[in-house]
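Hi,

Here is the structure I promised to pass on. Have a look at it first, and then read my notes below.

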Amino acid sequence: MKPARRLVASAAVLLAAALFTTAGCAGADSGSSGPIVVGSVNALSGAATFPEASQAAKAVFDAANASGGVNGRQIQYKALDDKGDPAAAAAAAREVVGRDEAVALVGSSSLIECEINNKYYEQQKILSMQGIGVDPACFSSPNIAPVNVGPYHDMTLTLLYGSETLKLNDICALLEIAGNTLPSYQAAIDEWSAITGKKLKYLDATVPYGGSDYTSYIVKARNAGCKAITVNPVEPDSIGQLKAAAAQGWNDVTWLLLTSVYSENYAKAITNAGAGVYVPAEFYPFTDATSPQNKDWRELMTKNNIPLTSFSQGGYLAAKYFLDVVRGIQGDITRESVTKALREMKPVTDPMVGTPYVFGPGQTHHDNTAGWPIKLASGTNKWELVANDWLRIPKK
């Protein structure tokens, strides 16, 4: 063999050996007394950020560590930034899963990371308990199970509340579509139609994210005879849409929105809510300041100066569910044992949500199907509860 060929062959053997060694120790435990590495991939910087979910998960783990950890071992929580960038999302997952050998991902919150990383998680045999799932892959992967309702079931719920509780007719939809989300939103609308036998009067799926002027979209909806509108907006877009309606004198339209606009800042920014803004909150409404359902979460978030939002509720619950499961593991806590425990776990109930959580062996995970209806009325700048119980999507 020529020297150059021997060099190439030797390099190939060394590379294969290195890959075999890395694969063999993936998820390896550093010993029964070493830290338990848990990770998450989050939108911490970029155009849209959701830092509260991972902050809340860290607060739960810090509290557990202060009380002795899990079977005497500390949890080392690593929250990485995907920067809203696909390459950064992929790199973050490979860092925390491959290099740091996390046993699981807990509390992630991102617009893109499920779509980018779900196949990698399958390859690495690691599970992710998303704090907030957004893109369709979060709910259609065997290795990802978000704790939140998600925007698609949320849309079905808001339509159900509008047609069945408020008895609204002539409901229309203005959709802001990013990436491959249109089929999922259409499926949510179809699910509402299958339950109620009703159809949308008008649908426009061309509404832009971050639009500078929504007047033309509002005028078209009004001319179509819409009496109520469901939208899947981010807060700034919704504020612009409501202002455009008010500028047209359209003050009797009802807005059927999603949890994405549920915040105190949004309420303060809205003066004219038309006939009302209705949202099926994915977790028990955090603006109900005296609720026993949120007491433990509220105290922990306040202690750690973490904003009281739906995002922090999701991160908190993901970490809480994770601890419930791993504390029951007999023997070493490794990626393999955590995966087995999550696959075999029994459903966990919590007063902050209307549906029990279970990871389980399913090929998809979209089981949270309950929201708590809330309303923002004109001139109040304050959310109020408009129900005494959870609104649930009927079981098929």
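Lys 201 counts as partly exposed, because its relative accessibility is 43%. Bear in mind that this is a predicted model. The side chain of Lys 201 meets that of Asp 170 in a salt bridge, with N to O at 3.9 Å. Asp 170 sits in the loop between helix H5 (151–165) and strand S5 (171–176), and Lys 201 in the loop between helix H6 (182–196) and strand S6 (202–207), so the pair ties together parts that are 31 residues apart in sequence. Asp 170 is partly exposed too, at 31% relative accessibility.

Asp 170 also has a salt bridge to Lys 227, again with 3.9 Å from N to O. Lys 227 is in the loop between helix H7 (215–223) and strand S7 (228–231), while Asp 170 is in the loop between H5 and S5, so this pair ties together parts that are 57 residues apart in sequence. With a relative accessible area of 44%, Lys 227 is partly exposed.

How many salt bridges does a search of the whole structure find? It finds eleven. Another one joins Glu 299 to Lys 295, where the closest N and O atoms are 2.9 Å apart. Those two are four residues apart in helix H10, which means about one helical turn separates them. Both are partly exposed: Glu 299 has a relative accessible area of 45%, and Lys 295 has a relative accessibility of 44%. There is a network as well, in which salt bridges link Lys 78, Glu 95, Arg 99 and Asp 100.

While you are at H10, look at its buried residues, Trp 297, Arg 298, Leu 300 and Met 301. They pack against helix H2 (52–66) and H11. Asn 305 has a positive phi of about 55°, although it is not a glycine. Its relative accessible area is 72%, so Asn 305 is exposed.

Lys 83 is another non-glycine residue with a positive phi, here about 60°. You will find Lys 83 in the loop between strand S2 (75–81) and helix H3 (86–99). Lys 83 counts as exposed because its relative accessibility is 51%, and exposed means over 50%.

Is Asn 42 buried or exposed? It is buried, at 0% relative accessibility. Asn 42 belongs to strand S1 (residues 36–42), and its side chain reaches the backbone nitrogen of Ser 109 at 3.1 Å. Leaving aside neighbours within four places in sequence, the residues in contact with Asn 42 include Ser 54, Leu 80, Asp 82, Lys 83, Gly 107 and Ser 109.

Now for the domains. The protein is divided into domain 1 (36–150 + 289–365) and domain 2 (151–281 + 372–392). The contact takes 13 residues from domain 1 and twelve residues from domain 2. Their C-alpha centres lie 29 Å apart. Between them the two domains bury about 920 Å², 57% of it on carbon and sulfur atoms. On the domain 1 side, Pro 136, Val 149 and Gly 150 lose the most area to domain 2, together 45% of what that side buries. Between the domains there are zero salt bridges, but four residue pairs are in polar contact. The side of domain 1 that touches domain 2 is made up of seven nonpolar, four polar and two charged residues.

Cheers

Terms used. Residues are numbered from 1 along each chain as its sequence is written. This is a predicted model: local features need pLDDT of at least 70, side-chain atom pairs count only at pLDDT 80 or more; totals for chains, interfaces and linings use all residues. Side-chain values use heavy atoms; hydrogens and water are left out. Buried means under 20% relative accessible area, exposed over 50%, partly exposed in between (1.4 Å probe, protein chains only). A polar contact is a pair of N or O atoms within 3.5 Å; within protein, one must be able to donate a hydrogen and the other to accept it, and residues adjacent in sequence count only if both atoms are side-chain atoms. Contact means heavy atoms within 4.5 Å. Domain bounds come from an automatic or database domain assignment. Buried area is the accessible area (1.4 Å probe) that two parts lose on being put together, summed over both. A salt bridge is a side-chain nitrogen of Lys or Arg within 4 Å of a carboxyl oxygen of Asp or Glu. Ala, Val, Leu, Ile, Met, Phe, Trp, Tyr, Cys and Pro count as nonpolar, Asp, Glu, Lys and Arg as charged, and the others, Gly among them, as polar.
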